[in-house]
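Please inspect the sequence and the structure shown below before reading on.

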Amino acid sequence: MDKAQILVASNRGPVSFSIGDDGAVKSRRGGGGLVSGLSSVATEIETLWVCAALSDADRKAAAAAPEGRLDKAGYDVGGASVRMLNIPADVFNNAYNSVANSTLWFVHHMLYDTPNKPSFGSRFRAEWEDYRAYNSAFAEALLTGADEGAKVAVQDYHLALVPKMLRVRRPDLRIAHFSHTPWAPPEYFRMLPADIGRELLEGMLGADHLGFLSVRWADAFLRCCEVFLRAPVNWGTRTVEHGGRVIRVGVHGLGADAQGLRERAAAEDVARWRERLRERVGDRKLIVRVDRTELSKNIVRGLEAFGELLRKRPEWRNRVTHLAFAYPSRSGVAEYRAYTESVRATAEAINAEFGTDDWTPVVLEVNDDYPRSLASYQIADVLLVNPIRDGMNLVAKEGPVLSLNGVALVLSTEAGAADDLGADAILVNPYDVSETAEALHRALTMDEEERRQRTERLAEAAAALPPQRWFTDQLRALD
């Protein structure tokens, strides 16, 4: 197998597959920071992206490709070599749904209903074995594909054990791990079984460089190292000593790809959606949100705040519409299915209370339509981004970049994006529905010139750290 100088490991790869009506496998290129970042170096340096097959169609494509190499099977993967791992479905399900998404995600976003969950018994220990096996499959693929002294960029909480697995067998490799989520403070992280918490921390400390989206998340990780590993931390340099090595912890904020967004938003399908949305809501003010129906996104409280706005400030009735685009997420996790239904029920209750024959207060769409989302950013008067906790939140950055007439951003203090955008956003406590309702009123009544100036500054801050730079900065940190 070809050896690569730069390797990326992530659960989701740059291409996904579906099976058409004719039974043929069809591919679709993905987007995002990793795809654009890797594409920028793939043409110059031998690169390999290792990812997992996420669906039956993915598994079919991976099984038909030589050693899972999608590039050798003729698929458009953007210039890099891509190896898709066909991990057994039961192992993948336990690693991805039970551990990564139902445990680690819940811990880092502090989402547990603690009187009832979690409960770490023998079943969880068996699921953890599969999480370990899943990480091991990635490590083996990286070890096989890495040239001497190669740089390996491991992504996210799905693959927290990979750095140590690589370090033990290939000390020549330069390893980075990046966390796209928040990191739990020690007071919450200690909820995990002690041995598993240590295994996670030590797994990540196999890297040379650990990256986080916000200073808050980096500092929480370092505190966990102090508390649970008793590892010496130098807070001045953000380094931690462990296993006779010094590991650097860096902060790499991720911004919007302003040029790419604006080019895509200039397309005809976006223009058509813009006309349809404007036709649907008339000349009313627009409050927009675009989210996955994901527990940390706090959609229900956002809807409740809109309801309270209409209740306490009746002058807004029939003068404002809330476009809430909440596309499905993690339907394999029971809590997410229940949450989606709660979102629907809350929207229906507001419409039942305030709706008229010619005005639907909440237009809720629980499906994904990217051109529609871009169009809504362009015409929004207010963008509501109120997560309980979020590693960054690119919606908060993409909205101002695409706004045509200025947008007021109502933003949770608990989003990583608040670090970069807080000066010109209206910040809210995500749990305080009344404060959020008042913030929506303030946003709707903001002077046009102030709104325009704030939007310019928000857009500038949002585009300051484009995805290509975010990725190359991590590679440079390994020099």
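The model is predicted: local features require a pLDDT of at least 70, side-chain atom pairs count only at pLDDT 80 or more, and totals for chains, interfaces and linings use all residues. Residues are numbered from 1 along each chain as its sequence is written, and side-chain values use heavy atoms, with hydrogens and water left out.

**Domains and core**

The domain assignment, whose bounds come from an automatic or database source, gives domain 1 (4–254 + 468–477) and domain 2 (258–463). Their C-alpha centres are 30 Å apart. To the contact between them (heavy atoms within 4.5 Å), domain 1 gives 24 residues and domain 2 gives 21 residues.

The largest nonpolar core comprises 162 residues, and F138, W183 and F221 have the most contacts inside it. Such a core is a set of buried Ala, Val, Leu, Ile, Met, Phe, Trp, Tyr and Cys residues joined through side-chain atoms within 4.5 Å. Here, buried means under 20% relative accessible area, exposed means over 50%, and partly exposed lies in between, with a 1.4 Å probe and protein chains only. Helix α3 (residues 89–108) contributes the most to this core, with ten residues. Domain 1 and domain 2 both give residues to the core, so it lies between them. Leaving aside residues up to four places away in sequence, F221 touches W183, L201, M204, L205, L210, F212 and V249. Helices (H or I, at least four residues) and strands (E, at least two) are DSSP runs numbered from the N terminus.

**Cavity and pocket**

On a 1 Å grid over the protein atoms alone, a cavity is a set of points where a 1.4 Å probe fits but cannot get out, and a pocket is an open set with protein on both sides within 12 Å along at least five of seven lines; lining residues have an atom within 4 Å of a point. Grid points are joined across faces, edges and corners, and a volume is the space filled by probe spheres set on the points. The structure has four cavities of 30 Å³ or more. In the lining classes, Ala, Val, Leu, Ile, Met, Phe, Trp, Tyr, Cys and Pro count as nonpolar, Asp, Glu, Lys and Arg as charged, and the others, Gly among them, as polar.

| Space | Volume | Lining by class |
|---|---|---|
| Second largest cavity | About 40 Å³ | five nonpolar, four polar, one charged |
| Second largest pocket | About 520 Å³ | seven nonpolar, nine polar, four charged |

The lining of the second largest cavity includes W183 and M204; β7 (174–179) and α7 (194–204) each supply at least two of its residues. The second largest pocket is lined by 20 residues, with S98, S102, K117, R123 and E127 nearest its centre. Helix α3 provides the largest share of that lining, seven residues, and each domain provides at least three residues.

**Single residues**

The peptide bond from K117 to P118 is cis, with omega near 5 degrees, and P118 is placed in the loop between α3 and α4.

E67 has a positive phi, near 55 degrees, although it is not glycine; at 53% relative accessibility, E67 counts as exposed. R238, also not glycine, has a phi near 50 degrees and counts as partly exposed at 22% relative accessibility.

A417 lies in the loop between β16 (408–412) and α15 (418–421), and is buried at 0% relative accessibility.
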